[in-house]
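Q: I have a structure open and would like to talk it through slowly. Could you help me read it?

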Amino acid sequence: MASAPTSKYNSHSLENESIKRTSRDGVNWDLSEAVPRLPGETRVADKEVIYICPFNGPIKGRVYITNYRLYLRSLETPIFAFLNEEKFNVDGWLVYNPVEEYRRQGLPNHHWRITFINKCYELCDTYPSLLVVPYRASDEDLRRVATFRSRNRIPVLSWIHPENKTVIVRCSQPLVGMSGKRNKDDEKYLDVIRETNRQISKLTIYDARPNVNAVANKATGGGYESDDAYHNAELFFLDIHNIHVMRESLKKVKDIVYPNVEESHWLSSLESTHWLEHIKLVLTGAIQVADKVSSGKSSVLVHCSDGWDRTAQLTSLAMLMLDSFYRSIEGFEILVQKEWISFGHKFASRIGHGDKNHADADRSPIFLQFIDCVWQMSKQFPTAFEFNEQFLITILDHLYSCRFGTFLYNCESARERQKVTERTVSLWSLINSNKDKFKNPFYTKEINRVLYPVASMRHLELWVNYYIRWNPRIKQQQPNPVEQRYLELLALRDEYIKRLEELQLANSAKLSDPSTSPSSPSQMMPHVQTHF
Amino acid sequence: MGQRAEWVGPAGLGGASGVSGGAGCGRCRGRRCPGDGRSPSRQCWWPLPLPEPEWPPLLPRVAASQGGGMLGKGVVGGGGGTKAPKPSFVSYVRPEEIHTNEKEVTEKEVTLHLLPGEQLLCEASTVLKYVQEDSCQRGIYGKLVCTDFKIAFLGDDESALDNDETQFKNKVIGENDITLHCVDQIYGVFDEKKKTLFGQLKKYPEKLIIHCKDLRVFHFCLRYTKEEEVKRIVSGIIHHTQAPKLLKRLFLFSYAAAARNSTATDPKNHTVMFETLQDWCWELERTKGNMKYKAVRVNEGYRVSERLPEYFVVPTPLPEEDVPRFQGHGIPMWCWSCHNGCALLKMSALPKEQDDAVLQVQKSFLDGVYKTIHRPPYEIVKTEDLSSSFLSLQDIQTAHSKFKQLFLIDNSTEFWDTDIKWFSLLESSSWLDIIRRCLKKAIEITECLEAQNMNVLLLEENASDLCCLISSLVQVMMDPHCRTRVGFQSLVQKEWIMGGHCFLDRCNHLRQSDKEEVPVFLLFLDCVWQLVHQHPPAFEFTETYLTVLSDSLYIPIFSTFFFNSPHQKDTNMHQRQLSLPLTQSKSSPKRGFFREETDHLIKNLLGKRISKLINSSDELQDNFREFYDSWHSKPTDYHGLLLPHIEGPEIKVWAQRYLRWIPEAQILGGGRVATMSKLLEMMEEVQSLQEKIDERHHGQVALQAEASSLLRASARLSSLFPFALLQRHSSKPVLPTSGWKALGDEEDLARREDESVDVGDL
């Protein structure tokens, strides 16, 4: 259903664009032609060429020769999101407002402040403009810390526990290098973070990488927080592999599900992809982060190498476990918008929107892996999420579709430069204008409930409805029969309530004494809704 | 932390009625169920110690005619469970820290609950039962006893103190009870070494580990127990669980004798027992098989064979005199008729003979039989030889013993160590593959019956193992009646009990031969589970029903699964009162268990016919594929033909049965039970609304029933519900302990930087 408008727009949008632009000049153009012509202008010849532009490099295009002029039309089409003219009654770009989200978390408070130091992205070009940092750290401190963190991605707050005020802080690796450099400002800064929470004497640092990789990173100038430099911190490695390993693993998944699905050796071939093993490690890491913050009562700092792949997975999953708000449809959109989009997960590089080089080493299904983890959680806790499987699949479909601007570009600064919010439609517009389609009927809202999934192979399974959905033999029943039955019952309930109300009206009319009616409709309704 | 939610279950889940039908409790909402604690009666041997949530409107077509009553039996049973035992001393100290000062152990007297006819055999006090909690073990003091029915630990788990869910306890088998038949293996720990215990012991272990057939694992520390008590209890347990037993020593006889005053059967329970000619006639009528098949009474009083039921159904033109010729062998017996008139038949092979003359006689006999069933009105018959071209019983045995080991887990370390290679371990057991093959075979037969209008004749040596499995699977898939609870029970009664499946031998209840122990029935339940899992709305019962049913295989109160044949049951259950000496069971043929020695005779005799009738296997494959794919491409009619998905990812582990006792695998507040209970809440609400409407219609302005009291917060149930009662009490997450497996050829990738740019120069 998503493809219909896409193809329609794809074939005509260029013409539309050019017509719009030129018609502003007040010239009459022939609509049927690829090249807009003046009255009397006729085409002589055309040819496909590569134009070497002195400023932008080679551009593929078609040159048209008319009796009036030479006309070059670029064949490089812009990403569809910029041409998409769909209209929705909700503006998805308004879903995420960082100030509002931090206010929801109770920020700023007397330990944490909102800083605009990165307003023009000069502190860190891959971070959002608005950051939450310790109250006691001055902007000058932040600048000094930035010199010691890879790509200036300094530790900033992602989430604060509403009760014990422990925090999840994210950043990139420290630039320790071979020589084991130290930076007093960075050390002091982490201590300031630790002190915002008075309940425990140590700050917990989770380095998402395997220990060996963290050590190896020293060779390229990176590294990790050593014991002797950071006395008040405890460091754990979470053994999650890098983007290249994940990419290869997904490739193997593709091999076992397409074109044929293994029958009797399905399990061992599934195991050989390691995909679920990676999922298990990511979930395990996130559980550890969440548990530390929630019951360990210790603030947590999470980083990997650059803090935009594994770090985003860990912080967002931990937040999903800890904060039930993110389990609602809009809450989840905010989570993605905040931890992934605004904090510079390199969507453009990881997905390669509009790029032909599919073998690029930057490609990696990190975001897909995150969504898979969310799916595993929703499978284990079928009543805890407001959204359904279709919601997650839709997000993934539009991660690649380029129909919406949501996942374009690598970071907020680039999006701002390209005016993405003005020129494209947000995916959340599509979803939020048709929320019912993405709702899980079993959803039971529960405040302050921490969800710990079981990260065991006994419970993890391949997401058949996503990875094998094109195989007609594996096709799952849609909608899920249990869900279907529940919806039928819901409808039945509503019908009965209606009938009961009618009966009551009829009765009270008959008796002409409504006060004797044992339960009036107004009493009825709240009773019915109490357990939702 | 409010981790425990009160639960009022559906369909008598709360009632956990001891014996006979969950539906019995279905109607008596709120009241105490009169069916509680009922002892077995002649008419109803159906074991349902723990009834299950039932599906909402399963059969709207039928239900619609009952007016508004389309919600079936999804009502709450009387919750009154047995009283929780009194608390005894609970130890939080590790065993090493315990001083064996007897006086400190303030053990209170805990009463042992005995069933009628149950006798205490031996006991030992100051036994420490280990409980796994948050990846460390703690102990609970108590008494370990052994009766002629069960091994029981009488300690007190503090969970029983404040646990609302105790009302869902199984009334017959408590949390710390192990029936003698449920014991699988006993290990002793001597100086940290684990050894299998059997026979006479020279040395007594300091720790006893019991692996159960329902996959529970118990650890009992005997270090603080008096030496003579250790001797008594250990040898007692070993003797009573492992020594060969006589049939008459089965507990169900003492129970039946002691619990004489049984109440009448619940008339609501319409399980057809197939013990009368009438039952078979009804079944023929129901399936419209009575045109071509007749019920015969030739075996009345077991005159012809003790292996066969007294009544059964054969093709109408078949002369009844033929039946006794080979004691019922070589006679096609009717299982079920399809809507198009095609029938599923089964036949036990003729005895193997060396003598040419006898062979000649057999051949002409079989030829006669085949002529009969090939003539009109019968359709063409396809013979399916399950002895030679399908699974062997040994395959099933081997697969299951490997498979169950994956779930008999001693501790947390073992759980996480095996987690990493879980899928390959699972695959190497072949259990799931065997399930797939059974389902596939059943689909093939369904295709013949449904699409090719062929009769199918299942052939097996005694027609009492794979015949039962395949024929009942086919019926579950083709006959929606078999997907109701009563229909399913009737099916088991027809195909398995009357079909002469040797439960006594296959479950090794008498401990006479390990070789004979093959979980064929369990395999059947697992196959049905796959169907229930894939198409839940097509069934009136849930997976919980199947799990409970599988447990009742080892509870010797219900006679259903404790005999090798209806004859054996009849003679024993009747003669018991007269105290006549029991005859040794004749009908447990040892021969032919291993299929390697394939029955050449049958092949020879049938060879010609079979080759004529069976299509080439390629063609069969094509037919199968076409049938399978076309069914799956259409929307499912839950009241019609039902086929399972059999692709790799679709065959799953029956998690409820196999993972239910493993604390590490528990999802707090999650699992399928979460949606299930939402569904049931909604059902109750719809039902109470309906009642209100009915009241209005009748003009009653009566007092409102407290419908809302039935609705409980359900989100905090554990995924192990209703079996293990929140084994993990804290809200701490479980964390894998074992690390990452080597990546092999990807090591070089793993070492690479995420980004190609060096960060050093930044």
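Predicted model: local features only at pLDDT ≥ 70, side-chain atom pairs only at ≥ 80, totals over all residues.

Q: Let's begin with the overall make-up: how many helices and strands does chain A have?
A: Chain A comes to 19 helices and 10 strands, and of its 532 residues, 58% are buried.

Q: And how many helices and strands are in chain B?
A: Chain B has 23 helices and 14 strands, and buried residues make up 62% of its 762 residues.

Q: What share of the contacts in chain A comes from residues 24 or more positions apart?
A: Counting the contacts in chain A with a separation of 6 or more, 72% are between residues 24 or more positions apart, and the corresponding share in chain B is 75%.

Q: Changing topic, which residues does the UniProt "binding site" annotation cover?
A: According to the unreviewed UniProt entry, the annotation covers Asn242(A), Ile243(A), Cys304(A), Ser305(A), Asp306(A), Gly307(A), Trp308(A), Asp309(A) and Arg310(A). Although these residues are spread over 69 residues of sequence, they cluster in space, with a largest C-alpha distance of 12.3 Å.

Q: Where does Asn242(A) lie?
A: Asn242(A) lies in the loop of chain A that runs between strand S9 (233–237) and helix H6 (243–257).

Q: Is Asn242(A) buried or exposed?
A: Asn242(A) counts as buried because its relative accessibility is 1%, and the cut-off for buried is under 20%.

Q: Which residues is Asn242(A) in contact with, leaving aside its neighbours in sequence?
A: Once neighbours within four places in sequence are left aside, Asn242(A) is in contact with Asn213(A) and Arg310(A), and also with Leu749(B), Ala750(B), Arg751(B), Arg752(B) and Asp754(B).

Q: What does the side chain of Asn242(A) do for H6(A)?
A: Asn242(A) caps the N-terminal end of H6(A), with a side-chain oxygen placed 3.0 Å from the backbone nitrogen of His244(A).

Q: Tell me about that helix then: how many residues has H6(A), and how far does it reach?
A: H6(A) has 15 residues and reaches 21 Å from its first C-alpha to its last, which is close to the 21 Å expected at 1.5 Å a residue. Its buried residues are Ile243(A), His244(A), Val245(A), Met246(A), Arg247(A), Ser249(A), Val253(A), Ile256(A) and Val257(A).

Q: What covers the buried residues of H6(A)?
A: The cover includes helix H7 (266–273), H8, helix H11 (347–351), helix H12 (366–380) and helix H17 (464–467) of chain A, together with helix H23 (747–751) of chain B.

Q: Which polar contacts does the side chain of Glu86(A) make?
A: The side chain of Glu86(A) makes polar contacts with the side chain of Asn84(A) at 2.7 Å and with the side chain of Arg403(A) at 2.5 Å. Glu86(A) is placed in the loop between strand S3 (70–74) and helix H2 (98–104) of chain A, and it is buried, with a relative accessible area of 14%.

Q: Last one, in which helix is Glu543(B) found?
A: Glu543(B) is found in helix H17 of chain B, residues 543–551, and it is buried, with a relative accessible area of 15%. Its side chain makes a polar contact with the side chain of Trp529(B) at 2.8 Å.

Methods. Residues numbered from 1 in each chain as written. Chains lettered and ligands numbered in written order. Heavy atoms only, no water. Helix = DSSP H or I, 4+ residues; strand = E, 2+ residues; numbered from the N terminus. Buried < 20%, exposed > 50% of the residue type's maximum accessible area, 1.4 Å probe, protein only. Contact = heavy atoms within 4.5 Å. UniProt positions renumbered as here; feature names shortened; annotations may be inferred. Polar contact = N/O pair within 3.5 Å; in protein donor to acceptor, adjacent residues only side chain to side chain. Expected span 1.5 Å × (residues − 1).
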